[in-house]
Amino acid sequence: TKYVYLFEEGRADMKNILGGKGANLAEMTRAGLPVPPGFTVTTTACNEYYRAGRTLTNTMKEQIEQGLAELERRTGKKLGSVQNPLLVSVRSGSVYSMPGMMDTVLNLGLNDETVEGLASLTANPRFAYDCYRRFLQMFGSVVLGIDHFHFEHILDEVKEHYGFTQDPELREEHWKEVIQAYKALVKKHTRADFPQDPREQLMRAIQAVFQSWNNQRAIVYRRIHKIPDDLGTAVNVQMMVFGNMGDDSGTGVAFTRNPSTGEKELFGEFLVRAQGEDVVAGIRTPQPIHALRERMPDIYSQFTKIAELLEKHYKDMQDIEFTVERGRLFILQTRNGKRTAHAAVKIAVDLVKEQIINKEEAIMRIDPHSLDQLLHRRIDPAAKLDVLAKGLPASPGAASGHVVFDADTAERWASEGKRVILVRPETTPEDIHGILAAQGIITSRGGMTSHAAVVARGMGKPCICGCEMIRIDLRKKECTIREETIHEGDLISIDGGTGRVLRGAVPLIDPELSAEFQQLLTWADEVRKMEVRANADNPEDAAKARAFGAQGIGLCRTEHMFMEPERVPIVQEMILAETEEERTEALEKLLPMQQRDFEGILREMEGLPVTIRLLDPPLHEFLPNMESLIVELTQMRLSGEDPRTIRQKENLLRKVRALQEFNPMLGHRGCRLGMTFPEIYAMQVKAIFQATVKLQQEGLDVRPEVMIPLVGHVNELKAMRDLVLQVAAQVREETGHPVVCPIGTMIEIPRAALTADEIAAEADFFSFGTNDLTQTTYGFSRDDAEGKFLHKYVQHKILPDNPFEVLDRHGVGKLIQMATELGRAVKSDIKLGICGEHGGEKSSIECCYQIGLDYVSCSPFRVPLARLAAAQATI
Ligand code: ADP
Ligand code: MG
Ligand code: MG
């Protein structure tokens, strides 16, 4: 097996074995860009390393030696040589970019002798010792496992002692002092001297990078991003170039377009006298890339040309790492840049306009789930704002929450249901769980390409960086802005688009869709074959759905209409009725209310179908809860309440008891209610039909569809269908106006799917209720399963996903497929859709398309997502 590839030997399409970084370094080398020479140890080697019991096999070691020899030949330098030492970086790089999650060691090859060599060779001892101390620290933490903190502590002490504030102020003698202390630290922790042999350093560093594939933060990152655990990482060994050689040197990161807005402009940062890590780590706040234009105009123009070339080559916005060594430019990395959803959409649409990609490619570029971010609320422009501080607008969006100063608290408070804003001096990959839990992030140090900024943009969370006005005291858990102190728990808001930190919680308003977003969705509509409907229960949601492009309502739940506070007493009256007359009386009061509801929705959805589901939940959901009733009753008795009132309460309690069920979700609900209380369904249908007639008489084109829930046996549907037809006849008689209305059913019980042919004979349409269908297929009670064991199942990969979020293709999907085939065999034009939560999830939407459904229905805010996902399924 070939474990080692020189950069010259690789290509961009070899990501699987070279990792993203290695493959792109190879591609750039081929293209003749100024990339320092090097070689890549493959991901295959990494997996082999683990299989061999975490050791480098002899074959691997030999090939690494060969790669090294070739590198030495090309550079004319030698690893360990004092006259002309070769220094290398040992860099991780997996197939999927996992920025900052794994480890990298720079300046490897230095020891007590080669550092002298480097000093005299460059006539720059200050630089040489700076490199050595960096190497000691990186090797010490990455390979020897000594916490960063210890090294930083030593450095801080030396700086404080000499009264320095910034690293570049330290001179040769100071670095020597730091180095002595570092070596003592290593000795104390490892009971051995710092390894002086460069070959040993190299082999150990390669192993450490392999190991870093399985460090905690990389594991967490993979879990969040659903990256498989068995890919392994490649290792890149590359000749060092030095941005820390002097004022004509430096290092930077730049995006070819603005990763927040998508605007076509070079966007990035540059730090003079620095090595790579300094920029991303946010140790010093760097200068904007444009400063380079004045400082090093030649480098700037050379860089812009390369940036343009790379973007054209990869047909996507690039995130480029570069270093300038004594006026010479080197490119160290390029990758497709992370961006906000807003930027992603703009960039994709712009690239089509620039004829770099086509419409289909643009559609495929956008993760449908990221669109959520575009529908996020923003600060009401009319609101009066109290601006506390301003920092860099690192990731747009607005959020309010309670201030916390560490990731653990952020996570804990969020799990208690609090919204939090995480405030840190800077963030590191160890804070990832806190960032995940927070509504937004503020850092006092670091720039637009710092860790916090990149991660927040990736997650679509608002973030402000480099907010230097904020002085944070982590020990006291407070920070000060000018004179004012802000404590943990205080409420603040952030506006990531402008970089403003605001006092208190500010009012937010609904977003508007950008022109590019509309454009992309129009392209999606051109290619998709499935319709997209929305689940909406009231005219406001219906209007929203329509505005987002819904082609009808796939699920209008009628129970929400029963839950309105002023109606609950009447609904309870209806439930508590002892006789049919009493019940009819209550229902008559509800009828005009329901009719108004339907009129509102049907009017809003003029010209489009509206599927109305008859009452579904068990009746006890409309009654007070038993425990509180008992408490109330006891209190009434103790306080000597009027016996008549007490008797009423007792009646209520009796009824509540009688309606109690062991498994309410499998109990008296859905069409089972309609079977036992036909007058309830009759009232609802009457309301639908009367509303229809009224609007049709006004000349409106309204298209209701009546849907019967929870059918398991065709006879249930038959009975309910007869009931609906009966009411239709009655309404026609009363109004003299015929009502034509499709009558269909939900398929949400496995038996219904299995006997879909029989059911199809009685149904004009099927709507797959995949929430219940998943519950009943798995035998999981959704409300119990999610909290109790499902998350464990997912964590331990017993199940690939939570089946309530992502449709289970093999089980539930198979039932849908079967029902589709059975149903169509009997009735070829039967209309088929899905109305469960899955209708707004991309992989489930793809599954629906493959099965051949006519439409998906989802919540109004998910409609744009579904339009895009339905298009992607087609491509
Ligand atoms: P990450 O994946 O965390 O970005 P990298 O391997 O890209 O890690 O390296 C970390 C930093 O070190 C980057 O800023 C990179 O540009 C810099 N770096 C890596 N290799 C070299 C090199 N050969 N010469 C100079 N700087 C380097
Ligand atoms: Mg990098
Ligand atoms: Mg259901």
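Biologist: Which residues come nearest to ligand 1?
Modeller: This is a predicted model, so bear that in mind. There are 17 residues around ligand 1. Ser89, Arg91, Thr104, Gly276 and Glu321 come nearest.

Biologist: What classes of residue does the shell around ligand 1 have?
Modeller: Seven are nonpolar, seven are polar and three are charged.

Biologist: And which strands supply at least two residues of that shell each?
Modeller: Strand 3 (88-94), strand 4 (104-108), strand 5 (233-239), strand 9 and strand 10.

Biologist: Which domains does the shell draw at least three residues from?
Modeller: Domain 1 (67-239) and domain 2 (250-336) each give at least three residues to the shell around ligand 1.

Biologist: OK, what other domains are there in the assignment?
Modeller: Domain 3 covers 377-509. Domain 4 comes in two pieces, 528-618 + 661-874. Domain 5 is 625-657.

Biologist: How many residues of domain 1 are in contact with domain 3?
Modeller: Seven residues of domain 1 are in contact with seven residues of domain 3. On the domain 1 side, five of the touching residues are nonpolar, one is polar and one is charged. The centres of domain 1 and domain 3, taken over C-alpha atoms, are separated by 32 Å.

Biologist: New topic, helix 12. What should its span be, at 1.5 Å a residue?
Modeller: Helix 12 has 18 residues, 297-314, and should span 26 Å. Its end C-alpha atoms are 26 Å apart, which agrees.

Biologist: Which of the residues of helix 12 are buried?
Modeller: Ile299, Phe303, Ile306, Ala307, Leu310 and Glu311. Seen down the axis of helix 12, these buried residues fall within an arc of 135 degrees, so they line one face of the helix.

Biologist: Why would residues three or four places apart point the same way?
Modeller: An α-helix has 3.6 residues a turn, so residues at that spacing point the same way.

Biologist: What do the buried residues of helix 12 pack against?
Modeller: Strand 6 (250-255), helix 11 (291-295), strand 9 (318-325) and strand 10 (328-336). Strand 9 and strand 10 also supply residues to the shell around ligand 1.

Biologist: Which exposed residues sit on the face turned away from the buried side of helix 12?
Modeller: Pro297, Asp298, Ser301 and Lys305.

Biologist: What follows helix 12?
Modeller: Lysine 315 does, and its phi is positive, near 55 degrees.

Biologist: Now helix 19. Which of its residues are buried?
Modeller: Helix 19 takes in residues 539-547, and its buried ones are Asp541, Ala542, Ala545 and Arg546. They cover an arc of only 140 degrees around the axis, so they lie on the same side of helix 19.

Biologist: What covers the buried residues of helix 19?
Modeller: The cover includes strand 24 (531-535), strand 25 (553-557), helix 22 (580-604) and helix 34 (863-874). Glycine 549 follows helix 19, with a positive phi near 105 degrees.

Biologist: Is asparagine 651 buried or exposed?
Modeller: Asparagine 651 is exposed, because 12 other C-beta atoms lie within 10 Å and the cut-off for exposed is 12 or fewer. Asparagine 651 is found in helix 24, residues 643-659.

Biologist: How far is asparagine 651 from valine 349?
Modeller: Their C-alpha atoms are separated by 64 Å. Along the chain, the two are 302 residues apart.

Biologist: Last one. How many helices and strands are there in the protein chain?
Modeller: There are 34 helices and 31 strands. Buried residues make up 50% of the 875 residues in the protein chain.

Technical notes:
Residues numbered from 1 in each chain as written. Chains lettered and ligands numbered in written order. Predicted model: local features only at pLDDT ≥ 70, side-chain atom pairs only at ≥ 80, totals over all residues. Helix = DSSP H or I, 4+ residues; strand = E, 2+ residues; numbered from the N terminus. Expected span 1.5 Å × (residues − 1). Buried ≥ 20, exposed ≤ 12 C-beta atoms within 10 Å, placed from the backbone. Arc of directions from axis to C-beta. Contact = placed C-beta atoms within 7 Å. Near = placed C-beta within 6 Å. Nonpolar A, V, L, I, M, F, W, Y, C, P; charged D, E, K, R; others polar. Domains from an automatic or database assignment.
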